[in-house]
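Trainee: I would like to learn how to read a sheet and a domain contact. Can we work through one case?

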Amino acid sequence: MSTELATELSVNGTTHRVDVEPRMTLLDCLRDKLGLVGAHAGCEHGVCGACTVLLDGIAVRSCLMFAVQADGYAITTIEGLTPAPGELSVLQDAFCETHGLQCGYCTPAMILAAHALLAGNQSPTREDIVEAISGNICRCTGYGQIVEAVALAAERLRGANRPVEP
Amino acid sequence: MLSAVRDASIDAPTPPDLPVDRKPATSANARRAAPSGRRFSHLEMKAAAFAYSRPTGLEEACALLAADDGARVIAGGQTLVPLMAMRLARPTRLVDIARVPDLAFVREEADAIAIGATTTQRTAEHHPLVHGKLPLLARALPFVGHTATRARGTIGGSLANADAAAEIALVAVTLGATIAYRDGERSGEIAAGDFFIGPMVTALPASAVLISARFPVWSESVGVGFHEISSRKSDFAFASAAAQVSIDPDGRCRRIAIGVGAATEVPLRLAAAEQALTGARLTPETVRAAVTDALADITPMADLHASAEYRRRVARTLAIRAIGEAYEKAGHVH
């Protein structure tokens, strides 16, 4: 059995010191060591996308990296997207409004993938949205409402902090 | 009701007493196993145990690899980690080269673009030099995995992993790239055509670290084409084809490179078709004849998804399409 390694993870702006076996995935570490269960374990070999988190703002699969590889990165999970306890981000709100989720298993990952897209592209086309979530599997919605949710959130974010037209 | 439930649980078969690391290791199992604390001192994990090193230089990385036959290089881990999760790979040590300095770059050299091994596929995909000078690689990269895997997956990792369906390997073979490595004190280079030996087998020495790939850049304007077929977008291709073409002012094919991937165990450059088409006018008839001849002798792979005959037929169609696309784009340049 290999020894545990002391690892520093910056998650949602907080630095955590954890001792992890090298073989512990970032996903298992977030869920089992840090109690951040918003990253979901689906296939656990990189196919379904349910474990998506952001690494320096970029969507990655947390089941395809070991926690020891993640020190030094700014990790964002779904728990880090809400503006305040009990509140929803614009994207989360849009998912609720357009019925972009049913069972909810894929939802945190879908929202993080969409968040990464909108951070770099204010006005995504339908193709951009489909491409951004193409690595995330949803077995409930048929994807239509998810695409709609991302487009709605993009529209709202474009309109935010603009002077009101007279 | 309660007793019925108890009876059912008594009748349920007891799981065989496997060693801890052979148990199916899902998070659900980990959650069930953890609170009892009777049989498991650790949460269960997908991968077999290994030691982890993060060398700061290439010499140190090579020494770690030379000291342990079971050691493997990891950078992005997008193909190695799934194999470890399924325990198809059980390295005893991972040598993480992601932070070895000077391995992540895209730079222009004489008649070539060199890409460092740890350059992510995402970086290459959006790099202006790749778009400007290596349009074939730029055309192929969106087919590699998904946005989230391209964010971590590297150019060197894809080459060293040598999956038969890998798009970057196909482009490297088609363009005649050169793959550079460091093995201790020694530096070496291998032509892409000699690098891939079989599925997931390369000519890279066991203790070597792949450091870069140099893709030739043609001096004249080129058109490129890339096509593949898979069961889902960005899934492993059953067959793929790449082509790069330049044409003379009179419309004849001046230079052409054609490759097919995923059909055979390693990416294949269709040298015979290239010879037949160089200097010719590319008509649908000449292209079809040249590609058909070049693919007549290949030994396509077969599995439950696609038969050998299917792969040959699709590789032919995709190669014809890729050449057509490249030729059309080359024409628009002039």
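Mentor: Start with pairing. Two strands count as paired if DSSP finds at least two bridges between them. Keep in mind that this model is predicted.

Trainee: What is the strand order of the open sheet in chain B?

Mentor: The order is β4-β5-β10-β6-β7, so read it with the pairing rule in hand. The sheet has 5 strands, and the pairing is antiparallel.

Trainee: Which strands are the edge strands?

Mentor: An edge strand pairs on one side only. In chain B these are β4 (106-109) and β7 (186-191). From one strand to the next, the twist averages 25°.

Trainee: How many bridges join β4(B) to β5 of chain B?

Mentor: There are 4 bridges. β5 covers residues 112-116, and the two strands run antiparallel. For one pair to look at, take B:E108, which stands opposite B:I113 in β5(B).

Trainee: Now chain A. Where are the domains?

Mentor: Domain 1 spans 5-80 and domain 2 spans 90-159. Their C-alpha centres lie 21 Å apart. Count contacts with C-beta atoms, placed from the backbone, within 7 Å. The contact then takes 14 residues from domain 1 of chain A and 12 residues from domain 2 of chain A.

Trainee: Which strands each supply at least two residues of the domain 1 side?

Mentor: β3 (52-55) and β4 (58-61) of chain A do. The largest share of that side, 3 residues, comes from β3(A).

Trainee: What is the make-up of that side by class?

Mentor: The domain 1 side that touches domain 2 in chain A has 9 nonpolar and 5 polar residues.

Definitions and conventions:
Residues numbered from 1 in each chain as written. Chains lettered and ligands numbered in written order. Predicted model: local features only at pLDDT ≥ 70, side-chain atom pairs only at ≥ 80, totals over all residues. Axes fitted to C-alpha atoms, helices over the stretch in contact; angles between N-to-C directions. Domains from an automatic or database assignment. Contact = placed C-beta atoms within 7 Å. Nonpolar A, V, L, I, M, F, W, Y, C, P; charged D, E, K, R; others polar.
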